[in-house]
Amino acid sequence: MIRKIIKIDEQLCNGCGACAEACHEGAIAIQNGKAVLVRDDYCDGLGNCLPTCPTNAISFEEREAMPFNQEAVKQHQKTAVHTNQNVTSKLHQWPVQLKLVAENAEYFSNSDLLIAADCTAYAYGNFHNDFMNGKTTIIGCTKLDMVDYSEKLTNIFCSHDIKNVTVVRMEVPCCGGMEFAVKKAIENSKKEINLKVVVITIDGNIKS
């Protein structure tokens, strides 16, 4: 059927989550730092989310869409409540502090490695699901630890076949030390290791 439904402009969205909180039906979720319409039939077309958006990323459009389904919304909300009450950790090895991990630890072998600055897990709410899931995780802070981590990371990279490395850091300048240490270690290891760098803003979003 043709009906009025919300439209989210991804380019304008800053991922603040205000719209998701305002939507009583749970039709909007934050995924990869952006608001998305979860399912057409969860949206009632009333637009409670519109006035909360600080960047005017949400508007109405008329298009072919599933009709609003109150029963589906109720089931979705029950599932969401249940899920939120049973959040599980994605950590599968110990220790995680870079100063404490053993360079020869078996969990590094053939791993997807996450190297995260300490503050990122506190700044970004869904850190476990979005970043840690399926990865070996180590954390550190080059400013507080006052150490050049590139040497230890070089030894880890040289001793194991690392498939991919994801660095998650804050947008603040001092956090660039972690990114620099990882890049230096990859270079020193003389291996071709895929590297992805994700920057988290101080208000808890992924910086585009």
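Which residues does S189 touch, not counting residues up to four places away in sequence? S189 touches T154, F157 and C158, where contact means heavy atoms within 4.5 Å. The model is a predicted one, in which local features need pLDDT of at least 70, side-chain atom pairs count only at pLDDT 80 or more, and totals for chains, interfaces and linings use all residues. Residues are numbered from 1 along each chain as its sequence is written, and side-chain values use heavy atoms, leaving out hydrogens and water.

S189 belongs to helix α7; helices are DSSP runs of H or I with at least four residues, strands are runs of E with at least two, and both are numbered from the N terminus. S189 counts as buried because its relative accessibility is 9%; buried means under 20% relative accessible area, exposed over 50%, and partly exposed in between, with a 1.4 Å probe and protein chains only.

Helix α7 spans residues 176–189. Its buried residues are M178, E179, A181, V182, A185, I186 and S189. They lie on the same side of α7 because they cover an arc of only 160 degrees around the axis, the arc being that of the directions from the helix axis to the C-beta atoms. An α-helix has 3.6 residues a turn, so residues three or four places apart point the same way. The face of α7 turned away from the buried side carries the exposed residues F180 and E187. Just after α7, K190 adopts a positive phi of about 60 degrees.

The largest nonpolar core has 20 residues, of which I115, L153, F157 and V165 touch the most other members. Such a core is a set of buried Ala, Val, Leu, Ile, Met, Phe, Trp, Tyr and Cys residues joined through side-chain atoms within 4.5 Å. Two or more residues come from each of β5, α6, β7 and α7, and α7 gives the most, with five. Among the residues that L153 touches are A181, V182 and A185.

Notes:
The expected span of a helix is 1.5 Å times one less than its number of residues.
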